[in-house]
Amino acid sequence: MAYGDMNGRLLDVDLSTGRIVRRQIPDEYLEKYVGGRGLGARLLYDNLPENVEPLSPDNLLFFMTGPLVGSGAPLSTRFVVVTKSPMTGGIADAACGGTFGVKLKQAGYDALLLRGKSEKPVYLEITDEAVAIKDASDLWGLGTYETQEKLPKAFGKAVIGPAGENLVLYSAILSGERVAGRSGVGAVMGSKNVKAIIANGKQKVELANPQGFKDYRKKYVEQFKAHPMQGDLMPKLGTANIVMAASATNILPTRNFSKGTDPKAYEISGEKLAEEDLIKNDGCMGCIIRCGRQVGLPSKNGEAVKGPEYETLALFGSNLGNFNLKNIYEANYLCDDLGLDTISAGNTIGFAMELTAKGMLKSELAFDKADNILDTINDIAHRRGLGDDLAQGVKRMSEKYGGKEFAMHVKGLELPGYDPRGAWGQGLEYAVGNRGGDHVQGATMFLEAIGPLKLNPVTAKNKHHLVVMQQNTAAGIGSLVMCIFTSYAILPPVVYRLNPNGFMFKLVNFLMLAAGPFLSAPPPPLVVLWYANFMTHIKGKKFTFKDFFLLGDRTFDMERLFNLREGLTKADDTLPERLLKEPISKGLPDGVPIEQMKPPYYKLRGWDTEGRPTAKKLKKLGIDVEAHPFDLDQGEVIVEAG
Amino acid sequence: MAKLMPHYSLAKAIGCFEVDIAAKNVAELLDEGRKRFGEVFDREMKLAAIMVNGRNILYLKGFKTKLASDDEVMTVIPSAGG
């Protein structure tokens, strides 16, 4: 076995025939791609025929865990969903907390594959003793919360809501209150007539070095709790802590990205939420940060529900000119219950508001008018009236109604809560992102704008180095299947104590940006070794930071290879016209110079001028796409077809 | 007059989220802030970066960055998440 803990089992469920097979993932794949994003991308590449329609039965839907899941490593009780995206036509991956990942692992599986399509609504029950496809007629049509309540309590759950059933392109999958939101993974699950997957078991993760792991875990938890971000700010304010900083640094999407700031930003800030409405903190299973919020929902007589993350505050707040915090709580709850990605939903409504304001669409939607937002969310999930168009997202809306220049998406995925005109590295990251307009596969804006450093946000110089460093780190984390918020602790506490207007601060910022070439080639000077150290104790052999960084690089390029095979090209590595041509603020350049930033980025990645990984790069990564060591004909049949 | 828009804890401490201040440059604006709001202003500004129209003064002319009448000066403390 490649890992002491990882048995390498994949559960392969054909929903069309009812055949269920337990397969063994080869050690070579577990060594190279490890789990989560990386392994999922490789399995998808190998086993999905080219040009499959994403919402057809032929698409494959993977639920991936990783070696840290269930091990007791903090911030790793997660899973990643990988499939072909109905939004972009490229790779989809969406990570999620909740209990499903750990429970799937305890049932004895590192990965689950759903293929085909059930004739009628079903749910899948997985334990370490049996696997069964069960009738879900009485669950179909229910919200995600009621669905989970009706399923057995002890099981980990992954469910869709009415949005997924109705194939809203940006549907999500929920586990508890946590959301695999992006890329349309819920629509793919709905297209297979699968309402829910539940898992439970008693299998334990075995560690190669339990004492070393325990000792390191203790040290790691102490470091985190003492960190000003993970130990203080995130627990105090949650991700909503970003609102004020985003507004000050000109990256808060405001009225469909027409501005990057608003004087009323404080009305939807994490500080105001904490002062007025926070009931208690919440978090994923075993989390040591607990950045989740519980707030009282007015429409449920103040019942405590999950509060909004920053993204929801930005996309349903300032992006719509909506500074009514309680309205955003309602929108957040409704989207979760219906199974919608709040980022794409808010972005799409903002686009429709601008279309309406410009006379290109007849609707009642308008900026600074919140009273019909909740009805619109319901219409989207149930595909009623204009909701049927909105369910397709901004790319397809702009193809029907016009307005491509202000349709805020990349590759078909709506942009999240950061306007890149105030953080050019973030712009490059969006443009070349494998899943499209995305912020958690790098989060370069943390280094440029909102974090403790402020690496000149409006220069292209050396930004490709920052972006590659951030992307590879995020891809490595995504393949180990850990919380991305761990990466925000990469900068040591001393950085937070610097006077941001002093000489030393200026020097650190200058040196870090100037050190670009060292940042994107391991071993980088500032990156801590948490991820590699946990892996070493689990595997029982040295896993270095270089291994970690190479894993991230390999994962990223594997996803890129999938996208290229499915027809995406370098022309898709771009930003909406508004972000390229319209200045966001007085004194700033017109937009992000993306065409200037792409060539050095491609070169640094080891890609050719068309954005394709070269043979030399693939050799370095050990990727041979012609080799198919994972034979899907092999395996132990658990349930025969029919 | 430039508009000072402080970060949340400073705004709460001084009792407003927007305040107009007549100042030729950032240094003058900070001096005026100290005069008006006292010690709390200095304490809150210790770890706050200063943005003029969304641009960090680090990449402008620092405290000598000139201010026009419609300029927005925002202060910001580190954040993360998303």
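Chain A has an open sheet of three strands in the order β13-β14-β15, with antiparallel pairing. Strands here are DSSP runs of E with at least two residues, and helices are runs of H or I with at least four, numbered from the N terminus; two strands pair if DSSP finds at least two bridges between them. β13 (278–282) and β15 (303–306) of chain A sit at the edges with a single partner strand each, so one side of each has no neighbour in the sheet. β14(A), residues 292–297, pairs with β15(A) over four bridges, and V295(A) stands opposite V305(A).

This is a predicted model, where local features need pLDDT of at least 70, side-chain atom pairs need 80 or more, and totals for chains, interfaces and linings use all residues. Residues count from 1 along each chain as its sequence is written, chains are lettered from A and ligands numbered from 1 in the order written, and side-chain values use heavy atoms, without hydrogens and water.

Angles run from 0 to 180 degrees between N-to-C directions, with axes fitted to C-alpha atoms (for helices, over the stretch in contact).

| Helix | Lies across | Angle to β14(A) |
|---|---|---|
| α8(A) | β13 and β14 of chain A | about 15° |
| α12(A) | β14 and β15 of chain A | about 105° |

Now for the partner chain. In contact (heavy atoms within 4.5 Å) are 47 residues of chain A and 34 residues of chain B. There are three salt bridges between the chains, each a side-chain nitrogen of Lys or Arg within 4 Å of a carboxyl oxygen of Asp or Glu. D70(B) and K586(A) form a salt bridge at 2.8 Å, N to O.
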